[in-house]
Amino acid sequence: MHAFHDRPNPAGFEFWCEDLPLSRIADEVGTPAYVYSTATLAHHYQSFVQAFAPREVSVAYAVKANGSLAVLATLARLGAGADTVSEGEIRRALAAGVPASRIVFSGVGKTDAELAFALNAGVREINIESEPELHRLAAIAAAKGRRPTVALRINPDVGAGGHAKITTGSDDNKFGISSAETLRLYAEACSHPQFDVAGLACHIGSQITDLAPLRTAFAAMADLVARIRAEGLPVRRLDLGGGLGVAYGDGPEPPSPADYARVVLETVGGLGVELAFEPGRLIAANAGVLLARVIQVHARPGGRRFLVLDAAMNDLLRPALYDAHHAIRPLHRRLEGAPERLYDVVGPVCETGDTFARARLLPELAAGDLVALLTAGAYGASMSSEYNSRPLVPEVLVRGAEYAVTRPRPSYEEMLGRERMAPWLGRS
Ligand code: LLP
């Protein structure tokens, strides 16, 4: 479900977000710009939680998917926690009103300073990803006189995820403690007076559209819980990560949260543990679109047509980085139906990789027309940059018929003003 839809107008149809025509936002805020729907964010968070009902679960939304303070605050008000992977993300979550008691700190390379920050903040859980990290955290906690709640992040050696760059759960990935080492390190963690050991965590990949690898991983986690308990050690919490995929319009339909919940409950539901999750994409992806305007249509004699947008790979990196598919649609459609054309949809950045789609069939478009790149709410703005000295893309949050610019587009003066000249270069 998402709240982006067509509404009829005298000339045909227009694409809206909730009760606002997207063209109004494009005209007032300019393009490129991300637009998020409050109703869609809320729907996805709530349907994930409800999929487990009547069982209560805790959901720490993965901030990396979309760290907009307004998005985080929207979710925090619904009861969501935050899964964070850096001090910056912890600070973001706190700034958006997520209580520390609902913040989980994960990540494969947490620095001493970041661990100390998390201890001071009093986060709910630190997921320890390796033996050296366990030792560093024990030392830092002892020095500070803190007793953090920790879990061990396990790598269950199950490959999953749509793209090699986003699988995390197989043995040759950098993430997590291997199953073979779990018992030894769990016992060691329990022996540290500095640690309140809650249990285990795992996250095997992202954009997972098949439940089979998840079932295998969760069953492996259940097996580890049984083995740990057989040693007389307690396990009270399992964090099963995120990873459930969404429909981008090119691949298989992903399983529903209800199907996913069934697999969770079948594999680990009987263990008598608290269940925690870290979904990101599932909540934010189709709650956001990237608005862009056609700069020009550049046709080659051979017949290739390039639709040059004012959005580029620095605004939405996923197609360049993962060959990801994002559906593209014009904001206005004529009633009688415009002729369709095949376009290579590209941005203005000076790389061939700055291509959103190859040979995409779209209604005929002209310079000045507006389009939306769909399912761009997760890993869109959060991965954006100023490459090619393009000011950071703005973000807008819609609620009903109102909208707020939650990250304004920086002016060129602001963009350049962040830098300092080296003293020996003088002031030019
Ligand atoms: N927890 C951990 C420990 C993670 O590493 C991730 C994502 C999540 C939760 C959230 O996973 P999700 O529910 O969103 O699948 N930039 C890539 C995706 C990278 C995912 C990294 N880890 C993309 O645009 O597809």
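**Figure 1. Polar contacts across the interface of domain 1 and domain 2 in the predicted model.** On the side of domain 1 that touches domain 2, the residues comprise 5 nonpolar, 3 polar and 1 charged. The number of salt bridges between domain 1 and domain 2 is likewise 0. The model shown here and in the following views is a predicted one.

**Figure 2. Contact and buried area between the two domains.** Contact between the domains involves 9 residues of domain 1 and 9 residues of domain 2. Interface size is often expressed as the accessible area lost when the parts come together. Domain 1 and domain 2 bury about 770 Å² between them, and 57% of this lies on carbon and sulfur atoms. Within domain 1, the residues losing the most area to domain 2 are Tyr322, His325 and Thr375, which together account for 58% of what that side buries.

**Figure 3. Division of the chain and placement of the ligand.** Domain 1 takes in residues 4-37 + 285-417, and domain 2 takes in residues 106-279. Taken over C-alpha atoms, the centres of domain 1 and domain 2 are 36 Å apart. The ligand lies between domain 1 and domain 2, because both domains give residues to the shell around it.

**Figure 4. Residues around the ligand.** The ligand has 17 residues around it, of which Ser206, Glu278, Arg318, Tyr322 and Tyr379 come nearest. Sorted by class, this shell holds 6 nonpolar, 5 polar and 6 charged residues.

**Figure 5. Distances from protein atoms to oxygen atoms of the ligand.** In the side chain of Ser206, an N or O atom is 2.4 Å from an oxygen atom of the ligand. For Tyr379, a polar side-chain atom is 2.6 Å from a ligand oxygen atom. Gly243 takes part through its backbone, where an N or O atom lies 2.8 Å from an oxygen atom of the ligand. On its own the ligand has 590 Å² of accessible area, and the protein covers 92% of that area.

Conventions
Residues are numbered from 1 along each chain as its sequence is written. This is a predicted model: local features need pLDDT of at least 70, side-chain atom pairs count only at pLDDT 80 or more; totals for chains, interfaces and linings use all residues. Side-chain values use heavy atoms; hydrogens and water are left out. A residue is near a molecule or strand if one of its heavy atoms lies within 4 Å of it. A polar contact is a pair of N or O atoms within 3.5 Å; within protein, one must be able to donate a hydrogen and the other to accept it, and residues adjacent in sequence count only if both atoms are side-chain atoms. Accessible areas come from the Shrake-Rupley method with a 1.4 Å probe; for residues, only the protein chains shown count as cover. Ala, Val, Leu, Ile, Met, Phe, Trp, Tyr, Cys and Pro count as nonpolar, Asp, Glu, Lys and Arg as charged, and the others, Gly among them, as polar. Domain bounds come from an automatic or database domain assignment. Contact means heavy atoms within 4.5 Å. Buried area is the accessible area (1.4 Å probe) that two parts lose on being put together, summed over both. A salt bridge is a side-chain nitrogen of Lys or Arg within 4 Å of a carboxyl oxygen of Asp or Glu.
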